[in-house]
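Hi,

Here is the structure I promised to pass on to you. Have a look at it first, and then read on for what turned up.

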Amino acid sequence: MDKQRYDQRVRVFVEVRGGEADWELAGERFAAHGWPVREAAPAGEGPLGEAVEARPDSRVYEIEVRLPGIAKGADLGAARRVAKALRAARVEGYVRRADVLHRDREMPSYWRAVDTRSRPRPAGGGPGRLLYRAGLALGLADGRTLVHAEGRQALRLARAGLGAEALVTGVRPLDGRWREPRGRLPEELLERRLWGLFLWALATAGALPFLEGRTGWPRGFWLVMLGAGMFGTLRAGAHLLPRNPVGGGLTGALMLAACVLTVGGGPGGEPASRAQVALGSVVKCHAHIRSDASVTAAS
């Protein structure tokens, strides 16, 4: 079982020349690196067809390369890793094509199965309806089943296999994702934008110690930096919630306030010095750069 951690999957088409012995050696190298071979065909056939020149001593392999890090640059990183592995094995091989396999996972709501026997009938307003909803919110009607899907599918999953009990089984959401199922960002993009919002807010708050005690043009410079940082933070927050930019901007403002409190030391705390802010910024940027570069570094 492959226990290697990876974040990205890249489909790579490799042309291997040299005949049977080299083809077998290339397959062994792919397996040793944990890159499954999805398909292999003589050059001129297979997925790439006539795009690869037909040669009697050449085969084209479709393999899946798995990499840590972000999707940006993963195709180039995979191509370099495969080329290096073949070169180390003294096999003549050429990476002809690489495709990043984007698999942004859906982010549906979690739902709890509930017993609806106490629901007022016919459905309507009134005290009974309000009491029933309050009971649902407090979990008084909760069952032992949890489902993870969009609204209608969640109800079908909760009722599956219950027989007659299905008629008195409903679901209640455990989060607010169900309200805008088509307006949510893909998971990977959401993580990147959250990280960007945090960096903008931290950089803006970090400008405050450098502004203190400044006069003349240095003060003007840091005021411009502070204004640009505030604008960037609000803009990053708006991008976080594309369908609700005002709410996203408020999220950015809250993130900025939290960072300002952290840098300022909070009530009764000691504010961060310029050296501490500079050191923290270097550490954060170094970690972010290493995350970006991990996909392009050779194994």
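**What turned up**

Arg9 is partly exposed, with 25% relative accessible area. Please keep in mind that this is a predicted model.

Let me begin with the partner of that residue. The side chain of Arg9 forms a salt bridge with that of Glu64, at 3.0 Å from N to O. Arg9 sits in strand 1 (residues 8–17) and Glu64 in strand 3 (residues 58–67), so the two are 55 residues apart in the chain.

Since Glu15 belongs to strand 1 and Arg96 to strand 4 (residues 92–100), the pair ties together parts that are 81 residues apart in sequence. Here Glu15 counts as buried at 2% relative accessibility, while Arg96, at 41%, counts as partly exposed.

A further pair is made up of Arg117 and Glu165, whose closest N and O atoms are 2.8 Å apart. Both residues lie in loops: Arg117 between strand 5 (110–115) and helix 3 (127–138), and Glu165 between helix 4 (151–159) and strand 7 (169–173), 48 residues apart. Arg117 is partly exposed at 47% relative accessibility, and Glu165 is partly exposed at 40%.

Salt bridges with shared partners also join Arg9, Arg38, Glu64 and Arg66 into one network. Over the whole structure, the search finds twelve salt bridges.

Which order do its strands follow? Four strands make an open, antiparallel sheet in the order 2-3-1-4. Strand 2 (37–42) and strand 4 are at the edges with a single partner strand each, so one side of each has no neighbour in the sheet. On average, neighbouring strands are turned by 20 degrees against each other, direction ignored. Strand 1 and strand 4 pair antiparallel over eight bridges, and Val10 has Val100 in strand 4 as its bridge partner.

Two helices complete this part of the picture. Helix 1 (residues 20–32) lies across strand 1, strand 2 and strand 3, and runs at about 165 degrees to strand 1. Helix 2 (residues 74–88) packs on the sheet and touches strand 1, strand 3 and strand 4, its direction making about 40 degrees with that of strand 1.

Notes: Residues numbered from 1 in each chain as written. Predicted model: local features only at pLDDT ≥ 70, side-chain atom pairs only at ≥ 80, totals over all residues. Heavy atoms only, no water. Salt bridge = Lys/Arg side-chain N within 4 Å of Asp/Glu carboxyl O. Buried < 20%, exposed > 50% of the residue type's maximum accessible area, 1.4 Å probe, protein only. Pairing = 2+ DSSP bridges. Axes fitted to C-alpha atoms, helices over the stretch in contact; angles between N-to-C directions. Contact = heavy atoms within 4.5 Å.
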